[in-house]
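Please read this briefing alongside the sequence and the structure.

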Amino acid sequence: MIPLKRRKVSQTVNQPNQTCKFPHVSIFILERKMGSTRRAFLTRLGRSKGFLITDTYSSSITHVVSENNTGDDVQTWIDNQTGQESSSSVHLLGIIWFTESMEAGQPVPVEDRHILKVNPKQNVNDNTMLIKSYACQRRTPLKHHNSLLTEALELLAENAEYSDNEGRSVAFRRAASVLKALPYRVQTMDQLKCLPCLGEHSQRVIKEILEDGTSSEVESTRHSEQFQAMKALTGIFGVGVKTADRWFREGLRSPSDLICTGQQLNRAQQAGLQFYDDLNKHVTKAEADMISEIVKEAVSAVLPGAEIQLMGGFRRGKEVGHDVDFLITHPEEGREEGLMPKIINWLEGRNLLLYQKWTRNSYLEKLDGPARPANNMDRFERCFSIFKLDRPAEATGSEGVRSSDQSEASSWRAVRVDLVVSPYSQFAFATLGWTGSKLFERELRRWAGQEKRMSLSSHALYDSNQRCYVRVQSEEEIFAYLGLEFIPPCERNA
Ligand code: CTP
Ligand code: MN
Ligand code: MN
């Protein structure tokens, strides 16, 4: 309570013809949820009994009376009036205090049962209110304030993947993702107290980095023979963790070891090895735009009216990527069928493909049912490819000598490109599914399943409560149906 003597007691707002019997009790009646008529009635009643009731809120008020509001509602209303967080010096009272006082003909002493409870305020660093636990409930920008920490956690996530420990890998990725969503740089462990998804192990790593600048576990992992070899071997297009691990156990450490030992390689791996250097260089947005133009030309030549959209990291606003992803559809359902071989023919006819592997669409709602395949792979018609991209004239020559396989001329480079064709009716789901990030997608599916009893894939949304598929035209509708706030692509960088 503000000491009484500091309060200005104003009688001017009371009706001049009525005497104020209790000048130290200055009442404000909140109109919110009560309505102006009832408020006017209560004001007249109070004043007729000699109570001081003011029409506007000011710092001189001692008792705020409201009806059908929670203490938090009233406190928020007051904070908004004063433009600051008010001290808890004012009595926030239910209407019962007022009616009892009317009956008594004088202000009754304030008792606990009259008081509206206000929950303690979250302080600024206490982000439980701000940071929701599923990544798909949060906005995660591309640029954030905690790269040092997130890169460390993501290195441990990557290492866990190499050891085929998916649970551990996802745990590190979730922890990193929470830090990406924070609007400030973490400087003390205190700031993490109420954040979700930060397990004991992640906290230990963060603590070490905050105190020493680096984490010994992260650094020893980074420099370990296994991590480096697995990174180099899985960096070959067509080589997954299982194959790389087998090779590692056989003593292989790098792509050149594969050549020396004459390993049996499939077609993808051969291409991966041949274009290793190029494929491990970032693809720039400018290069993605050049490839966009080529794909657009190819698509409009073989199927006029088809629509094409840049997906993946570039749709989320990234400036570089490991590949370029496209989604293609046609507004007349069915016209998109068999499109991919035609696109491939067009590209191959112009010598633009260094490698391609095409798969047919194998999705059938009736047969596949609402359950998702275990690996979460979608069944669209698709093509994993490597493009031969001409370099603009001024960029060539300056690179020096290129490795033998790529030395044909430095007038071009190899770029990984993913092409996906979706029927129009599934386009919104495909768009959502191919925008990423991978963690964001994973969290969307987890949210749908665990919180909503729904099953989300890149083809469909099945609602187990209603036992039906949900038809939508846009990503916005999918978020809405899942009970999520819409997150634009540039804030899905979880
Ligand atoms: N995707 C998929 N099925 C695959 C491969 C990818 O559904 N077989 C989806 C991923 O879930 C992701 C998107 O396609 O949402 C893009 O994947 P990818 O190109 O691997 O990652 P990006 O986010 O684009 O990152 P980068 O910039 O490194 O390419
Ligand atoms: Mn990509
Ligand atoms: Mn891709």
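**Metal site**

The manganese ion (ligand 2) and the manganese ion (ligand 3) lie 3.6 Å apart, with Asp323 coordinating both. The model is a predicted one. The points below take each ion in turn, then the residues around them, then the helix.

**Manganese ion (ligand 2)**
- Asp323 (OD) and Asp325 (OD) coordinate the manganese ion (ligand 2) at 2.1 Å.

**Manganese ion (ligand 3)**
- Asp323 is the bridge between the manganese ion (ligand 3) and the manganese ion (ligand 2).

- Asp323 counts as buried because its relative accessibility is 6%, and buried means under 20%.
- Asp325 has a relative accessibility of 8%, so Asp325 also counts as buried.

**Helix 5**
- Helix 5 covers residues 166–180, which makes 15 residues.
- From first C-alpha to last, helix 5 reaches 21 Å, close to the 21 Å expected at 1.5 Å a residue.
- The buried residues of helix 5 include Val170, Phe172, Val178 and Leu179.
- The packing partners of the buried residues in helix 5 are helix 4 (147–162), helix 6 (200–212) and helix 18 (438–452).

Terms used: Residues numbered from 1 in each chain as written. Chains lettered and ligands numbered in written order. Predicted model: local features only at pLDDT ≥ 70, side-chain atom pairs only at ≥ 80, totals over all residues. Heavy atoms only, no water. Donors = N, O, S within 2.8 Å, 3.2 Å for Na, K, Ca; no water. Buried < 20%, exposed > 50% of the residue type's maximum accessible area, 1.4 Å probe, protein only. Helix = DSSP H or I, 4+ residues; strand = E, 2+ residues; numbered from the N terminus. Expected span 1.5 Å × (residues − 1). Contact = heavy atoms within 4.5 Å.
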